Amino acid sequence: GIPTDLFGPFVTACVQVIRTLTENDAAEEAFRWSLSLISRILTRVINEGSTIVMKAINANSGKQLRRAVGCAPRGKRALWMLNIQVG
């Protein structure tokens, strides 16, 4: 899985790189805000992924994913793979 405590330092490092590439404070702030929002969304998805398919994806395990999808009835396997619930 992905350790969610690494998202904060990643955002900080990316913003520091952008800071060296531009003098535009508004662009830097917009980039920081956007990346922070994406970071919060990803952290929430990882921490609260509630379907067995989503948990297998977060674990980055093909074996777990096949097992999770194998639990679904044949006619609903595609829907199970597309169904992502958070919260």
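User: How many salt bridges does the count come to?

Analyst: The count comes to two salt bridges. Keep in mind that this is a predicted model.

User: Which residue does Arg19 form a salt bridge with?

Analyst: Arg19 pairs with Glu28, and the closest N and O atoms are 2.9 Å apart.

User: Is Glu28 buried or exposed?

Analyst: Glu28 is buried, because its relative accessible area is 15% and buried means under 20%.

User: What is the relative accessible area of Glu29?

Analyst: For Glu29 the value is 41%, which makes Glu29 partly exposed. Arg32 also counts as partly exposed, at 30% relative accessibility.

User: Let's stay with H2. Where is Trp33 found?

Analyst: Trp33 is in helix H2, which covers residues 25–48. Together with Leu37 and Ile41, Trp33 makes a nonpolar surface patch of about 300 Å².

User: Now H1. Which residues of H1 are buried?

Analyst: Phe7, Val11, Cys14 and Val15 are buried in H1. They sit on the same side of H1, because the arc they cover around the axis is only 100 degrees.

User: What do the buried residues of H1 pack against?

Analyst: They pack against H2.

User: What span should helix H1 have, going by its residues?

Analyst: Helix H1 runs over residues 7–21, and at 1.5 Å a residue its 15 residues should span 21 Å. The expected span uses one less than the number of residues.

User: Which residues is Ile52 in contact with, leaving aside neighbours within four places in sequence?

Analyst: With those neighbours left aside, Ile52 is in contact with Ala68, Cys71 and Trp80.

User: What separates the C-alpha atoms of Ile52 and Arg67?

Analyst: A distance of 9.1 Å separates the two C-alpha atoms. Along the chain, Ile52 and Arg67 are 15 residues apart.

Key. Residues numbered from 1 in each chain as written. Predicted model: local features only at pLDDT ≥ 70, side-chain atom pairs only at ≥ 80, totals over all residues. Heavy atoms only, no water. Patch = residues over 30% accessible without salt bridge, like charges linked within 9 Å, V, L, I, M, F, W, Y side chains within 5 Å. Areas by Shrake-Rupley, 256 points an atom, 1.4 Å probe, with all protein chains shown as cover. Salt bridge = Lys/Arg side-chain N within 4 Å of Asp/Glu carboxyl O. Helix = DSSP H or I, 4+ residues; strand = E, 2+ residues; numbered from the N terminus. Buried < 20%, exposed > 50% of the residue type's maximum accessible area, 1.4 Å probe, protein only. Arc of directions from axis to C-beta. Contact = heavy atoms within 4.5 Å.
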